[in-house]
Amino acid sequence: MRDPSAPPGPFRRSFWRSPVRGPWLTSVFGLLLLVGIPVMFATGLLSYAAYNPNLSPFNDTTPGKGLLGFYLFSWPTHPIWLYRLTQGVHVTLGVTLVPILLFKLWSVLPKLFEWPSLRSFAHAFERFSLFLVVGGAGFEFVTGILNIQTWYPFPTSFYTLHFYGAWVFIAGFVAHVAVKFPVMVRALRSRSFIAEMRTNLARTRPEPPDAGYLAPVAPATPTISRRGVLAFAGAGSALVAALSAGQSLGGVFRKTALLAPHDQPVTGADAGTVGDFQINNTARNARIDAAETGETWRLTFGTDDQGSHAFKKLSRADLLRMEQHTASLPIACVEGWSTDNQTWTGIRLRDLAALAGVANPSSVLVQSLQHGGGFNKAVLSGTQLMDPDSLLALQVNGADLSLDHGYPARVIVPNNPGVHNTKWVGSLTFRS
Amino acid sequence: MRWFSRWYGANPLHLLTMIGCILLADYAAVGLLKVKPVGVLIWFGGAVVGHDLVLLPLYVLADKSVMAVFRHRPPKLPTLPWINYLRVPTALSGMLLLIWFPLIFRVPSHFPRTTDLSLNPYLGHWIAVTGALFLLSAAAFALRLGNRGHRTAEYRHETADYGREAADYGRETAGQLPPSPRRPASPDSLSPPAGLSPPAGLSPPAQGLPEEFPPQQQLLGHRQGPPWDEWS
């Protein structure tokens with residue numbers, strides 16, 4: 001209604017009659033997202049760094065990243081729970097923010113129909129940045145939420161979409177925050193939060209029309225107080241978090257994750273055994289042939305430094321005769337779920353490097369028996385393979401690995417994304 | 001500076017920020033749109049259209065329809081704000097469905113094969129959580145009904161005040177009444193609205209604003225159009 005000639009319907013301010021909608025309420029939701037979104041972005045960038053993408057093309061799901069990988073660093077092995085924490089936060093906070101995002105979008109809907117739609121160049125830019133921030137938010141939340149449920153109806157790789165989409169989104173987000181931050185601060189100061197928390201429905205009055213475009217000029221009778229709206233959104237977030245956080249917290253909390261992908265004990269051969277913990281790729285799914293993992297299996301390891309091709313082969317019995325080490329480490333997945341610490345026993349990767357004759361290895365290429373699949377090989381950094389807790393594990397929790405946990409041998413490295421802890425290892429190629 | 005602001009609509013810093021952010025978005029969009037650009041654009045645009053023009057109108061319409069249906073029932077319904085006891089469990093259950101529908105409806109059919117976990121429990125879990133939400137809501141409503149006594153009277157009294165204030169407010173802004181102290185009270189004040197001095201935020205509307213307050217829009221609580229006219 002800035003312009004009386006606005007077409008009827010949603011283009012007129014008087015169309016929007018919610019008595020609780022207004023700059024103050026929008027700003028409270030905006031503030032929550034202003035805290036939450038940067039945490040999401042930072043933990044997302046950390047997860048990309050955790051794959052050590054610069055180490056090898058095999059590790060890089062978005063090789064065209066260019067300058068967007070400016071921050072990458074060698075992913076550490078300690079603390080061992082770091083990736084479990086950052087990725088658990090990324091995913092759990094992501095679903096927890098959904099109700100806040102929905103309320104925020106509801107609260108600003110009149111702006112979508114603002115008339116005239118373009119007042120100036122500045123306004124045109126702002127509206128374009130809003131397209132990036134709203135489209136980007138929807139895009140990032142939808143791709144992330146579908147991916148953690150292992151449903152991939154995407155036009156291309158999830159990693160491509162979620163990584164580049166995050167940068168498009170954050171560009172719009174920064175522009176939006178730059179423009180709206182002073183508006184948000186002013187709106188938050190316009191009313192006392194404590195007084196709002198004490199204002200019941202009967203005493204709820206609309207924000208005054210001159211508080212901003214979002215305040216109603218023709219408000220309907222309130223059916224909910226502003227504190228009621230905040231409690232509504234907060235209850236939504238609390239409920240979503242309570243029903244999913246358990247898959248990352250593990251232990252007894254896993255039972256509380258009633259709506260989260262990894263909320264139950266496994267059902268297959270590992271059920272009820274010491275190997276009863278979460279996995280994301282069964283041997284059946286990886287099409288691991290029992291013959292390949294049987295008596296004839298040999299670990300091939302060595303180096304191809306300077307064109308040499310010095311490889312040795314060891315059977316599982318040979319490996320078991322070597323010096324064994326035990327490490328207590330979790331499995332933490334990019335999908336946010338993780339296991340409690342499991343007790344892994346096997347040979348230190350650095351001992352195998354020494355046996356291969358590589359004194360100062362800078363990396364190792366681990367190849368799985370798995371044919372095909374995105375992560376059937378991974379390259380570990382020197383930091384990772386020299387860690388005393390980095391093992392070629394043969395046993396877990398005191399028993400031989402089950403086929404689903406990677407029998408005859410798997411890699412386990414502290415603070416490594418689950419998918420880089422390669423199962424059904426066929427060969428190790430060390431490089432100095 | 002002044003000519004710039006007139007031409008552009010904001011200060012130069014605004015322009016610099018916008019250009020910087022749009023360049024960053026462009027740079028990332030090259031990677032995003034490298035493979036199947038049309039499909040990716042559909043997903044990106046679909047996120048806006050799907051929410052703003054499909055999901056949101058649907059749930060607002062649902063909310064309004066329920067309000068309209070019950071509004072025309074015989075007035076045995078209590079004056080408590082009963083709609084929230086329906087709205088909150090429905091919306092919370094809906095949000096859970098919105099997030100977890102692939103698991104609930106067993107869409108990723110390969111899931112049991114890849115994870116050794118079953119997809120069967122999720123529909124039951126969602127129904128059970130939904131049931132618990134409605135039961136909790138019903139219990140809370142029953143509690144409110146049980147001790148409504150003076151609280152309902154207070155609610156009636158204050159909402160009646162609200163209606164009168166709103167009507168006055170309308171006539172004032174339409175220039176039919178001199179400004180009176182009886183206006184919608186600022187929720188910052190906890191005292192009853194009657195007899196308040198005009199709160200700062202609601203001093204007489206600035207010049208030029210009256211067009212934004214056509215008198216027929218002012219009778220709060222009296223709907224003019226069909227229920228979907230009122231997009232709360």
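**Chains, domains and confidence**

Trainee: How many residues of chain A are in contact with chain B?
Mentor: In this predicted model, 100 residues of chain A are in contact with 79 residues of chain B.

Trainee: Which helix of chain A gives the most to that side?
Mentor: Helix 4 of chain A does, with 15 residues. By class, the side of chain A that touches chain B has 57 nonpolar, 30 polar and 13 charged residues.

Trainee: Changing topic, how is chain A divided into domains?
Mentor: Chain A has domain 1 (13–254) and domain 2 (290–431). Their centres, taken over C-alpha atoms, are separated by 39 Å.

Trainee: How many residues of the two domains are in contact?
Mentor: In chain A, 29 residues of domain 1 are in contact with 23 residues of domain 2. Helix 2 of chain A gives the most to the domain 1 side, with eight residues. That side of domain 1 divides into twelve nonpolar, 16 polar and one charged.

Trainee: What about helix 1 of chain A, how far apart are its end C-alpha atoms?
Mentor: They are 40 Å apart, which agrees with the 40 Å that its 28 residues should span at 1.5 Å a residue. Helix 1 of chain A is followed by A:Asn52, whose phi is positive, near 45°.

Trainee: And what is the mean pLDDT of chain B?
Mentor: The mean is 73, and 59% of the residues of chain B reach 70 or more. Over residues 173–232 of chain B the pLDDT is below 50. Where pLDDT is low, the predicted coordinates should not be read in detail.

Trainee: Which ipTM does the predictor give the complex?
Mentor: The ipTM is 0.94, and the pTM is 0.86.

Terms used:
Residues numbered from 1 in each chain as written. Chains lettered and ligands numbered in written order. Predicted model: local features only at pLDDT ≥ 70, side-chain atom pairs only at ≥ 80, totals over all residues. Contact = placed C-beta atoms within 7 Å. Helix = DSSP H or I, 4+ residues; strand = E, 2+ residues; numbered from the N terminus. Nonpolar A, V, L, I, M, F, W, Y, C, P; charged D, E, K, R; others polar. Expected span 1.5 Å × (residues − 1). pLDDT = per-residue confidence, 0-100. Domains from an automatic or database assignment.
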